[in-house]
Amino acid sequence: MNRRELVAFMGAGTAAPQLLRPLAARAQPAAMPVIGFLEPTSPDASTPDRLRAFHEGLRQSGFVEGENVAIEYRWAENRVERLAALANGLVRRKVTVIAAIGGSTPAFAAKLETGTIPVVFTVAQDPVKLGLVANLARPEGNLTGVFLPSERAERRLVLLRELVSGATRISVLLDPANAPYAESTLRDLEAVARNSGLQINVLNAGTPAEIDAVFAGFARERPDALFIGPYSTDRRVQLALLAAFHRIPATYPWRDFVEAGGLMSYGARLRDAYRQAGVYVGRILKGAKPAELPVVQSSRYELVINASTARMRGLAVPPPLRASADEMIE
């Protein structure tokens, strides 16, 4: 090989990688989008059914975790003061969208941390009155989601009295941390009590120790039945076990409490909300803007009765109540 051929060969060898680099860059797969999942409770409290429902909603929109989308989970472990830092961490992580699930507190934590990253929420109060969105049909900002109207407390009380006939002294246990829900629940119950001659005794307890103390007090003054207001599902096992130990028939806001051994529940289908949140997150990943996605209003309620717990309490479930139940847990 003469000098001219050697120079030409070396020039071709150095040019080839430069020609190949754009082709290699174009062949690299696009970065996988990341969902930030922000929840105020713990992985144990957010039941597998709810997470499955969220993933089901994602699948409906064409996304499967680990295949074409990643999820960064952030759990506040029932310490709401942690939500701001967790939301900030997701923003700094530059996630594509935030699913702020489980009430207004994670929604506000995400809203305060970003005005650009899309946020999908699930709340039990009107998000317009809360100030999360400007309009249900046209949210306008970077937030949208699912609105589960507050529990129908008066209906739940009627169902409890159908199961526990003759109950007139009702203790109402409320969580101070859920003040807005607790206040609306109490207003509804007091209206029913005035019209039906019921005696309502309101008790407040937030921490596990406070809940234990309330139930210990039932040894001195025992109610005919117990109405448990909106509590985090982190408390479901404690509340169900204490009611069983003290043999007090109780009604709960969601089916999770009944699955843990509670007597009965009547409330919104939370799994539907998680599924719809997954659908909306998927649509945003496909390019939809939160402002284009109207807030979904859920109106489906379910009555769930634990037949085994009823038998242990010596309660016979009336046929009409059994027929109207969405599920009887044996």
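Predicted model: local features only at pLDDT ≥ 70, side-chain atom pairs only at ≥ 80, totals over all residues.
Axes here are lines fitted to C-alpha atoms, for helices over the stretch in contact, and the angles between their N-to-C directions run from 0 to 180 degrees.

The setting is an open sheet of 6 strands with parallel pairing, in the order β2-β1-β3-β4-β5-β11. Its edges are β2 and β11, each of which pairs on one side only. Further in, β1 and β3 are joined in the parallel sense by 4 bridges, and L38 has A100 in β3 as its bridge partner. Strands of a sheet pair through backbone hydrogen bonds, either parallel or antiparallel.

Here are some of the elements in this part of the model, with their residue ranges.

| Element | Residues |
|---|---|
| Strand β1 | 34-39 |
| Strand β2 | 70-75 |
| Strand β3 | 97-100 |
| Helix α3 | 83-92 |
| Helix α4 | 104-113 |

Now for helix α3, which lies across β1, β2 and β3 and runs at about 180° to β1. Which residues of α3 are buried? They are L83, L86, A87, G89 and L90. These residues sit on the same side of α3 because they cover an arc of only 155° around the axis. An α-helix has 3.6 residues a turn, so residues three or four places apart point the same way.

What do the buried residues of α3 pack against? Their partners are β1, β2, β3 and α4. On the face turned away from this buried side, α3 carries the exposed residues A85 and R92. Just after the helix, K94 adopts a positive phi of about 60°.

Terms used. Residues numbered from 1 in each chain as written. Heavy atoms only, no water. Pairing = 2+ DSSP bridges. Helix = DSSP H or I, 4+ residues; strand = E, 2+ residues; numbered from the N terminus. Contact = heavy atoms within 4.5 Å. Buried < 20%, exposed > 50% of the residue type's maximum accessible area, 1.4 Å probe, protein only. Arc of directions from axis to C-beta.
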